[in-house]
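Have the model open as you read.

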Amino acid sequence: MAKSNSDFIDIPALIRQYISKWYLFVISVVICGGIAVAYALLRQQDYAVKANILITPEKDSPLSGGLMDGLGSLFGSQGYVEDEIFIISSHSLYASVAKELGLNVSQNVKKNIFVRELAYPEKPLEVTPQAGMLDTLRTAITFTVKVAKDGCVSIKGKMKRATVVDEKNLQLPFTVDTPLGQFSFAKTQYFPADDDLNVRVSVKGYGNAAEDLAKEVTTEIAAKHSNVLAVGMATPNPEYGTAVLNEIFKEYNERGIEESRQRNELTASFIEGRLNLLAVELSDVEASMQKYKQSNGIVDVVSEAKYQTEKRGKVEAELLAAETQAEIIKLTLQFLRDPRNAYALIPTALDNEGLQKAITVYNELVLERMSLASSARSENIALKELSERIDASRENIITSISRAYDTSMVAVNDLRREMRAAESSLATIPSQEREYRDLARQQIVKQQLFVFLLQRQEETAMLLANAYPKGQIVDKAYTETEPLGMSKKMIALLGLLFGLVIPPVYLYLRKFVHNRFETRADVERITDVPILGEMCIDDRGSHLVVSSEDTSATSELFRLMRSNLLFVMSDPRDKVVLLTSTSSGEGKSFISINLAASLALLGKKVLLVGMDIRNPRLAEYLGINPRFGLTQYLVSSSIAIDQMITPIKDVPGLDVICAGPVPPNPAELLLSTKVDALFAELRDKYDYVIVDTAPIGLVSDTFTLDRIADAAIYVCRANHTSINDLTLINDIYEQHRLKKVSLVINGTASKKTYGYGAKKIHR
């Protein structure tokens with residue numbers, strides 16, 4: 001049975017194979033190591049640039065606290081960290097950063113065959129586009145500027161692969177016209193002196209630069225339940241990364257300060273208007289009280305209060321609270337009806353649960369609109385839809401507050417009637433006192449509101465004078481010491497590792513795809529057919545290499561093969577040996593010639609018969625021109641055996657019968673009885689007869705000649721005979737289609753000789 005190719009892994013054989021292919025490992029290690037070293041030296045290493053900012057909650061609005069607690073949310077809201085991530089990484093903020101740092105203009109310098117992007121901010125040219133162009137520019141334009149040592153400049157501009165500028169013999173500074181507008185070029189402090197310059201300048205809009213920046217910068221919450229945002233980016237230029245992150249924080253805080261200032265200005269304007277109105281109303285009430293005292297002769301109000309009963313005091317307190325609540329509702333209603341407060345927050349200090357819930361929902365919509373408006377444009381669809389929802393909700397709330405105001409006024413009127421009823425029961429209390437108390441209550445309400453707003457006005461003025469940023473910078477932009485990615489040593493080690501791994505992979509894939517055996521060990525793993533010997537590659541160019549004086553490795557291997565063959569043919573009657581192969585080109589004729597010569601060197605009388613009558617090559621290989629060949633003998637009755645035998649002068653005792661002309665019916669010719677008679681006679685005349693037959697993988701001639709043979713040698717060639725071809729000899733060996741079959745491995749790289757053993761040589 002043929003051996004399985006996957007029963008085990010022959011580690012020693014693999015090691016021997018790798019040692020024999022040592023040059024592949026050297027080449028692979030040199031190439032991979034060189035590539036790794038070159039990559040490590042030429043690549044730009046990225047560094048991690050990081051910064052941290054603490055988002056501080058906004059302070060309460062000046063309107064919070066006191067009687068109007070709840071109005072504090074009218075002009076501000078607490079910032080949420082999740083929302084601030086969208087603000088700090090918004091497109092508009094990145095566009096501002098790109099505009100401030102000039103990130104929309106990149107410059108690459110070409111030196112020899114290398115092209116490198118210039119480090120920030122070392123740009124040799126200052127490029128100034130026409131005013132207003134970059135805000136709306138959507139198509140990038142690229143300029144190639146070449147400056148000679150004498151200062152002569154040539155420039156070529158391309159846009160969408162089309163050339164739009166091609167100027168020569170210019171001098172810096174200069175201006176060129178493009179379909180987008182004019183571009184001016186001038187030197188910077190980094191312009192190289194007394195040296196030529198080849199720089200590629202790419203100009204794009206701030207919007208495109210903001211999109212590129214959004215891909216580079218990452219923003220995330222530093223830790224769970226934390227108000228700290230961690231902002232970072234990976235860049236080969238730490239100065240560039242530091243400038244970008246610091247500018248992002250600067251733009252973010254400036255926007256926060258501006259938003260806070262606008263809210264406080266709106267609050268201050270509202271408070272000022274209410275103070276002016278309350279001042280007039282309070283002045284009118286106080287004037288009315290003064291006039292009433294003068295006209296009614298009331299001097300000591302405190303002494304007059306002694307006449308109030310406990311019931312009248314309780315009713316008066318309730319009336320005061322009801323009137324105050326009605327006044328707050330009225331104030332809120334006036335605020336809502338003011339168009340300037342269309343999208344401001346509604347105070348939430350109303351003593352009405354249903355109305356309170358509606359106001360809370362409304363405030364949440366307003367807060368959502370404020371957050372969206374900070375990063376979206378006015379034509380944003382989501383912003384418009386949110387505004388429409390707020391408008392509808394505000395109208396509903398105005399209607400509800402109007403009804404609540406009417407209800408509160410009903411309660412006030414009821415309390416007033418109750419108060420009048422209580423006072424009417426006191427016949428001793430003058431009616432003038434009751435009228436004076438009404439005026440006094442109005443004065444208290446107006447005065448409390450006036451004092452409250454006056455205090456908040458001062459607080460608002462302080463906030464306007466001391467605006468603070470929304471984000472507190474914990475860590476300014478800093479660069480980590482170690483670069484990102486693998487170190488140069490690691491890259492070099494990986495290159496060496498790949499250099500060592502690639503040859504085994506290559507050898508395995510080559511063997512898998514090539515489907516050819518390479519060594520004797522490969523053959524031994526595939527087949528159980530006895531191996532007669534192996535033959536190394538001989539580069540001398542001669543087909544007859546065996547001689548009595550030759551001691552080369554080739555001759556020694558043929559002598560060893562001869563010894564093994566004599567062991568196989570130990571029976572004195574065994575004389576005829578067939579040599580065949582699967583296909584042509586495997587060295588069958590070469591082995592036949594030299595094996596016959598090797599036997600002749602023993603002093604034996606040996607005949608080499610060329611019976612590959614379909615493709616005869618023996619005469620050509622031996623350089624002889626016989627008069628008659630085998631095919632002529634078989635078809636003619638007038639040719640004697642001796643007439644077709646040619647002795648080989650260089651090898652005494654060796655004769656040759658060549659195949660002769662190719663017949664039209666080779667198969668039938670080899671089946672003739674004349675062949676049997678011929679070999680019966682040859683057995684008597686020669687000690688050994690070596691027969692060079694046709695390849696068995698192509699024709700069946702060899703099988704028909706098995707009747708006249710005593711043994712058969714199958715020749716296979718390393719790196720030529722496929723593994724599938726060896727399965728053919730396995731079948732022949734198992735089915736005994738040829739007598740005493742053995743293998744000869746031709747074309748191996750090994751020059752060592754091998755003995756034979758009982759395991760491999762069988763009689």
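Predicted model: local features only at pLDDT ≥ 70, side-chain atom pairs only at ≥ 80, totals over all residues.

The protein has 763 residues, and 44% of them count as buried. Its exposed surface comes to about 39800 Å², with carbon and sulfur atoms supplying 53% of that. As for how the chain meets itself, take the contacts with a separation of 6 or more: 77% of them join residues 24 or more positions apart.

Now zoom in on strand E15, which covers residues 576-581. Is this strand mostly covered or mostly open? Mostly covered: six of its six residues are buried, with buried meaning under 20% relative accessible area.

Next, check where the side chains go. In a regular strand, side chains alternate between the two faces of the sheet. In E15, Val 576, Leu 578 and Thr 580 point one way, while Val 577, Leu 579 and Ser 581 point the other way.

Which strands pair with E15? One is E19 (residues 688-692), which runs parallel to E15 and pairs with it over four bridges. To find the spot, look for Leu 579, which stands opposite Asp 692 in E19. Another partner is E20 (residues 711-717), also paired in the parallel sense, this time over five bridges. Here the residue to look for is Leu 578, which stands opposite Ala 712 in E20.

How values were computed:
Residues numbered from 1 in each chain as written. Heavy atoms only, no water. Buried < 20%, exposed > 50% of the residue type's maximum accessible area, 1.4 Å probe, protein only. Helix = DSSP H or I, 4+ residues; strand = E, 2+ residues; numbered from the N terminus. Pairing = 2+ DSSP bridges. Contact = heavy atoms within 4.5 Å. Areas by Shrake-Rupley, 256 points an atom, 1.4 Å probe, with all protein chains shown as cover.
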